[in-house]
Amino acid sequence: MLVDIYTDGAARGNPDGPGGYGCVLQYRDTKGNLHEREFSQGYRKTTNNRMELMAAIVGLEALIRPCRVRLHSDSRYLVDAFNQHWVDAWLRKGWKRGKNEPVKNVDLWKRLLKAREPHEVTFIWIKGHDGHALNERCDALATSAADGDNLLEDEGLEA
């Protein structure tokens with residue numbers, strides 16, 4: 001089964017303020033019907049890249065059986081980390097980017113690696129907020145999450 005995952009993260013002001021992510025899964029069932037599932041979450045003291053990682057993790061972890069996945073993100077950092085094999089290099093170097101520079105959010109990178117293990121994942125970069133409808137929806141989810149302190153209910157369709 002082919003699944004599209006669209007992610008977005010919002011840093012929302014200063015580093016001590018709230019941040020959030022939005023994630024939309026889109027797939028077709030065996031009868032050809034299109035389904036979508038949406039997730040949204042708020043966090044404090046975070047960064048945009050961390051939110052993109054969280055959105056990707058949650059999207060992948062929501063898949064019950066192995067799938068072919070196209071993960072769309074406007075985070076070049078997230079997409080390039082896999083397409084340019086940065087993660088492989090970080091693993092070889094003990095999670096160091098430069099001579100002594102540690103990779104931030106190592107726990108999240110490891111969780112993302114584990115989440116994608118059973119799937120065939122292609123990472124696709126969506127340039128900024130260019131009007132891509134589902135990416136805009138993810139941005140709206142992320143903004144909504146960032147404006148609140150609590151977990152927001154899953155607003156997706158039953159699949």
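Predicted model: local features only at pLDDT ≥ 70, side-chain atom pairs only at ≥ 80, totals over all residues.
1. Overall make-up. The protein chain holds five helices and five strands. Read from the N terminus, their order is β-β-β-α-β-α-α-α-β-α. Of its 159 residues, 44% count as buried.

2. Contacts and surface. When contacts between residues at least 6 apart in sequence are taken, 66% of them join residues at least 24 apart. The accessible surface of the chain is about 8800 Å², and carbon and sulfur atoms account for 49% of it.

3. Main core. The largest nonpolar core has 35 residues, and Ile5, Leu60, Phe82, Trp109 and Leu112 have the most contacts inside it. Elements giving two or more residues to this core are the strands β1 (2-10), β2 (18-28), β4 (68-73) and β5 (120-125), together with the helices α1 (48-61), α2 (76-83), α3 (86-92) and α4 (106-116). Helix α1 supplies the largest share, eight residues.

4. Ile5. Leaving aside residues up to four places away in sequence, Ile5 touches Cys23, Val24, Leu25, Gly59, Leu60, Leu63, Val69, Arg70, Leu71 and His72.

5. Second core. A separate core of six residues also exists, with Val24, Ile126, Leu134 and Cys138 among them.

6. Glu36. This residue lies in strand β3 (residues 34-44). Glu36 counts as buried because its relative accessible area is 15%, and the cut-off is under 20%. Its side chain makes a polar contact of 2.9 Å with the side chain of Gln26. Another polar contact, also given as 2.9 Å, joins the side chains of Glu36 and Arg137.

Definitions and conventions
Residues numbered from 1 in each chain as written. Heavy atoms only, no water. Core = buried A, V, L, I, M, F, W, Y, C linked by side-chain atoms within 4.5 Å. Buried < 20%, exposed > 50% of the residue type's maximum accessible area, 1.4 Å probe, protein only. Helix = DSSP H or I, 4+ residues; strand = E, 2+ residues; numbered from the N terminus. Contact = heavy atoms within 4.5 Å. Polar contact = N/O pair within 3.5 Å; in protein donor to acceptor, adjacent residues only side chain to side chain. Areas by Shrake-Rupley, 256 points an atom, 1.4 Å probe, with all protein chains shown as cover.
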